[in-house]
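Welcome, and thanks for taking a look at this one. Below is a short briefing to read alongside the coordinates, grouped by topic.

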Amino acid sequence: MKKKPYIRYVILGILATLMVGCIIRIAMPNREWNYTGSYTFTEGESYAEEPVFEHISLGTGVYRVELSYECTGDAIAVCTVKDGTVYQGGLLCNGEHLYSALGHTSYDFWLYEPTEELTVTIDYSGQEKLTTGNLRIVETNLLWTRYLVILAAAALLVLATMWLERREAVKGRNEQRRQILFGIGVIAFFASIPYFYDGMVSGADLTYHLHRIEGVKDGLLTGQFPVRLEPRWVFDHGYANGIFYCNLLLYFPALLRMAGFTMTESYAFYCIGLNIATAAIAWYCFNGIFGDRIIGLVCSALYTLSIFRFFKLVMVGAVGEGSAYTFLPLVVYGIYLVFEKDVEDREFHKSWIILGLGYAGLIQTHVLTCEITALFTVLFCLIYIRRVFAWQRFRQLASGAFFALGLSLWYLVPFVDYYLTQDVRIRHASARTIQDRGTIFAQILQQFWFSRIPESMEGKAGDLLNPIGVGLFLVIGMMIFWLLLFLGDLQKQKEAEKSFAIKAAGFGCLALWMSTNSFPWDNIQKISGIAATLVSSLQFPNRFLGWGTILLVTVTGYVIRYFQNNRKIFYQMSLITAVVSLSASYLFMMDSGVQERDVTLYNQESMGFGYISGEEYLIYGTDSTKLTFARPEANENIQIADYEKSGLNISFSCRNDSPREEIVTLPVLMYKGYAARDDKGEVLEITDDGGHILQVCIPGGYAGTVRVRFVEPWYWRTAELVTLITVAGIVFFGIRKRRQR
Amino acid sequence: MKKKWILLAEGLLLAVLLVLSFGGSDIVFEADHQQLYRVEETGGIVSKDFALNPGVYRIIVESDIANGGIGSGMEISLEAEETTFRAIRGNRATLSADTEHKRITYYVADTVDAAHLQIQPFSEGGNVSYELKVEKTTAGRRILFVIVLVFFACLDGIAIFRRKVLCKEVSGQKKWINCAMVGIWMIACIPLLVDYLVLGTDSVQCLRETEYMLQGEWGRIPAAHLLYLWIPAGMRWIGFPVATSYKIMIAFLSGAALALLYFLFSKWGRDARLVLAAAAFGIWNPLAVKTLYVMGNPGKFVVCVLGYAVLGSVVWILLQKRKSQNKISPWIVFAVLLILVLQVVYYENTIILQSDVQYWYNEEPFMTGE
């Protein structure tokens, strides 16, 4: 059948027209609506959904609600927007908690249907005093920027199909590539089904990672790049999460948030992106190891849809760890290439790039997974010790390490700087033991999901009785491998994959053991202070199951390949078993996930600004219970006016009426890097109030405008430059190589 | 030659361990009621600290009833403020007012620098007169000997099997049948891999009968139960904890049932794969799994297996006569086994997650009530 390419041009034309329409709409001025009124809530009496402004008429759009209020306590009430006349999903809003220091709300809501019955309501606990005042509703461009992004993505997709078609017209139709793309697409699709709902599974880490995304968004919106301190986190005090926990990949959902997507949507798009990347990277690596695209796809499915990865990403909401698992196959493939490939092989010469990319990805997503990866890399090096000292292989290893370092320096330098100079809580975590949090052997074999843990389980057996193992199928794959090896069936197999599979099986068993509560973590912790800190920082031994999964997938892939070459019927049976095993496990996971899906978040304000998980990156001694939204504080000799805080940038005019130096305490956590200057360029001294809150010293008789900024040290900037040069260098190297070929 | 040296080394090591396991008990702590301290916050009484090494310990309580004994009763346990994960394994004992003599077993898995006895009396005041001793028993060395013996037996067995396979003394099919049998047995034993005791509705009765057997109260045990109770009783006699002994019995019964079914069906059937599937069904079927884990009734499990063996043999013989020429496709066997394994794993996963979690090491929880 003859194709009709003009259809795509028509679609592109329509998309372009709509995009122009969006841009025009964005360029138009936005409207705002002001309502006057006052409502005093009776103290001691609780109110639910009490309307303070009713019958508000608005068209489709994304709006910002600014309701002024006065209250004497924090988080005593929630302001939100309701409308019973619009369709389900036509109004998206979670509202905002009220704080005494803020004075007015400032949150967004999404309205997808014109209405005349919008109501601003208050849920009041009855504690403390509360009086609401005037209301201001401001129209934003977020609806149109959101549409613009969707249209641009659709246009890119059309362009990509056109490019592929043109490429095939020149080089000929490539059926294999189509099959692989289809396979990866199917795997990624199945892995992403949990994100096609309108809610999220309320995993233990979910809110923390949503705060990270919002932190990047807020940082970018207030002019920070790269975002080091999340400015609005910890009640607008600025939290140094970004310095310790790299947020590189979170720029994608943060940009989506800036473009007008809700939190749930941005998070879902990010996770879908992760799934696509994981499926593709896993296919690339396993195809490289086994040299077979079908086995590459099977291994990609076993890894991407693995129980442990699902547990971490979907059920726990451990975005950092889930993101890190995207890069694990690269490290395994890199190790395979360095130690098993012939030095004359073309693939061997790119091993440093694979290894470097894998490590850089791990460092910049989850340091703990990187720590575990480093341990396994050392173990691999020890077992291949002779090859480590072969110059060509050593050069690949060293180049990979330097490449990873170059790519990660922008993050590592601030991380090390803060870790060494700031007394953060994470440095005091050596007393926490982890062995009791280990899995039990039965969990490792768990294949099916269950939505509810019985009461008798809670608090017992490490209260982690979830299906967090690697699954029965992978364990059976490993056992078959050991049997084949032990009973002499693999004697005739002399290839590199076999040698690598033996090591993978051995370390896979070790990883499984290390994840359990029978591994002597407590005894290791007692050896020395460094061991105690390292072990304690792991938090959960089950993190080793990430490596357990990837190594067992490698071993299972080898077994399937052996059957493919030697016993066709077993090959077919193992493929069917893999599909059935994944489907059975997956169906139960879906059922479980649906039952636990109880979080739907649209705007950041609804989460509050205080949750910081284990408070790892607060300065040791900071009393987090005293932190809330606050205004600058000073004694009566200081007059403060025009106080403004935008992210990490603060400015205020002040006058010191006394002859001696006075102190202004600002609602900012005292991390290294803040600097205070006045409008004449004079540097003012900054001190710590003892509770690790920032103070500015105002000289006696001083009058002027003070500006407090977070200024990155020169060596941080230098590190960023090195990373930029490394990226540019590798792009240049890649293009040159491609042209040479 | 090398093999002989290895066997000799194994034998020597076992002989040393055997001799060691006949040593006497050592008293590591001794005190009377006047040497104990009261903890104001809890109202409990504690002894002074003493160090423990890995091994099996026994708390001995001797009371002088004439001078008040242990008062109105008490709970006693071995505790420590700081230990590695589950270094002290045991269950608190409840002592009634008329207790004259009591022994409570505790297992210590790692060195404990400062352990103490903790007593919670049922009422305050009144005269008491009792003595406490903590002694290290030889059970720990006996357990070590048995573990090493089993370990060497397994290693040597595997090595012999491997040699026979490599020398082609065992056929390819037989080799994989043996491996599959082990695999089937291991899958049937998945609920035993939890570190707690998966208690069925009748498990406590089984555990009690084991203790009656150890105490020589034969009249309280139905005769038929002796068919399997000797396994946990034997393990308990050696010194193994309650949960371990119970789990070993279940594992043993599963393995024996599988071996019996395979042996029986292989007499009638020629297709080894089909025989294997039929034998697997014998211990993977929902009834067998239910009787073994959900009910915790080994007797019913044995009856189920024997019933299945008889019924299966009859059906098999009848089918053999009618369809002796037909060969079953491997795909059918594969499909049956796949369905079977999925259902058994699902059932076992449910059992693991829905079972009551009990860490039982000594007989106190079900004999005196923890």
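How many salt bridges does the count come to over all chains? The total is 39 salt bridges over all chains. Please keep in mind that this is a predicted model.

**Salt bridges in chain A**

- Arg64(A) pairs with Asp108(A) in a salt bridge whose closest N and O atoms are 2.9 Å apart. Arg64(A) sits in strand 4 (residues 61-71) of chain A and Asp108(A) in strand 8 (residues 107-111) of chain A, so this contact ties together parts that are 44 residues apart in sequence.
- Another salt bridge joins Arg178(A) to Glu168(A), with 2.8 Å between the closest N and O atoms. Here the pair ties together parts 10 residues apart in sequence, because Arg178(A) lies in helix 3 (residues 175-192) of chain A and Glu168(A) in helix 2 (residues 142-171) of chain A.
- With a relative accessibility of 33%, Arg178(A) counts as partly exposed, while Glu168(A), at 13%, counts as buried.
- Arg232(A) and Glu605(A) also form a salt bridge, and their closest N and O atoms are 3.7 Å apart. This pair links distant parts of the chain, 373 residues apart: Arg232(A) is in the loop between helix 4 (206-221) and helix 5 (233-236) of chain A, and Glu605(A) is in the loop between strand 12 (597-599) and strand 13 (633-634) of chain A.
- Arg232(A) is partly exposed at 26% relative accessibility, and Glu605(A) is buried at 5%.
- Beyond these pairs, a network of salt bridges links Glu214(A), Lys217(A), Asp218(A) and Arg257(A).

**Cysteines**

- How many disulfides does the count come to over all chains? The count is zero.
- In chain A, the sulfur of Cys381(A) has its closest cysteine sulfur in Cys370(A), 14 Å away, which is too far for a bond. Cys381(A) counts as buried, at 18% relative accessibility.
- In chain B, the sulfur of Cys304(B) is 15 Å from the closest cysteine sulfur, that of Cys206(B), again too far for a bond. Cys304(B) is partly exposed at 23% relative accessibility.

**Surface patches**

- Asp49(B), Glu79(B), Glu81(B), Glu82(B) and Asp113(B) make up a negative surface patch. One of its members, Glu79(B), belongs to strand 6 (residues 74-80) of chain B and is partly exposed, with a relative accessible area of 30%.
- A nonpolar surface patch of about 670 Å² is formed by Tyr6(A), Ile7(A), Tyr9(A), Val10(A), Ile11(A), Ile14(A) and Leu18(A). Within this group, Ile14(A) is part of helix 1 (residues 6-27) of chain A and is partly exposed at 49% relative accessibility.

**Backbone features to check**

- Most residues other than glycine have a negative phi, and most peptide bonds are trans.
- From Phe225(A) to Pro226(A) the peptide bond is cis, with omega near -10 degrees. Pro226(A) lies in the loop between helix 4 and helix 5 of chain A.
- Val234(A) is not a glycine, yet its phi is positive, at about 55 degrees. Val234(A) is located in helix 5 of chain A and is buried, with a relative accessible area of 2%.
- Asp642(A), likewise a residue other than glycine, has a positive phi near 55 degrees.

**Chain B overall and a distance in chain A**

- Chain B has 11 helices and 13 strands, and its C-alpha trace spans about 85 × 50 × 35 Å along the principal axes.
- Chain B holds 370 residues, of which 47% count as buried.
- Over in chain A, Thr369(A) is placed in helix 14 (residues 367-383) and is buried, with a relative accessible area of 3%.
- C-alpha to C-alpha, Thr369(A) and Met28(A) are 48 Å apart in space, and they are 341 residues apart in sequence.

Conventions:
Residues numbered from 1 in each chain as written. Chains lettered and ligands numbered in written order. Predicted model: local features only at pLDDT ≥ 70, side-chain atom pairs only at ≥ 80, totals over all residues. Heavy atoms only, no water. Patch = residues over 30% accessible without salt bridge, like charges linked within 9 Å, V, L, I, M, F, W, Y side chains within 5 Å. Areas by Shrake-Rupley, 256 points an atom, 1.4 Å probe, with all protein chains shown as cover. Salt bridge = Lys/Arg side-chain N within 4 Å of Asp/Glu carboxyl O. Lys, Arg positive; Asp, Glu negative; His and termini not counted. Charge placed at Lys NZ, Arg CZ, Asp CG, Glu CD. Helix = DSSP H or I, 4+ residues; strand = E, 2+ residues; numbered from the N terminus. Buried < 20%, exposed > 50% of the residue type's maximum accessible area, 1.4 Å probe, protein only. Disulfide = S-S within 2.5 Å.
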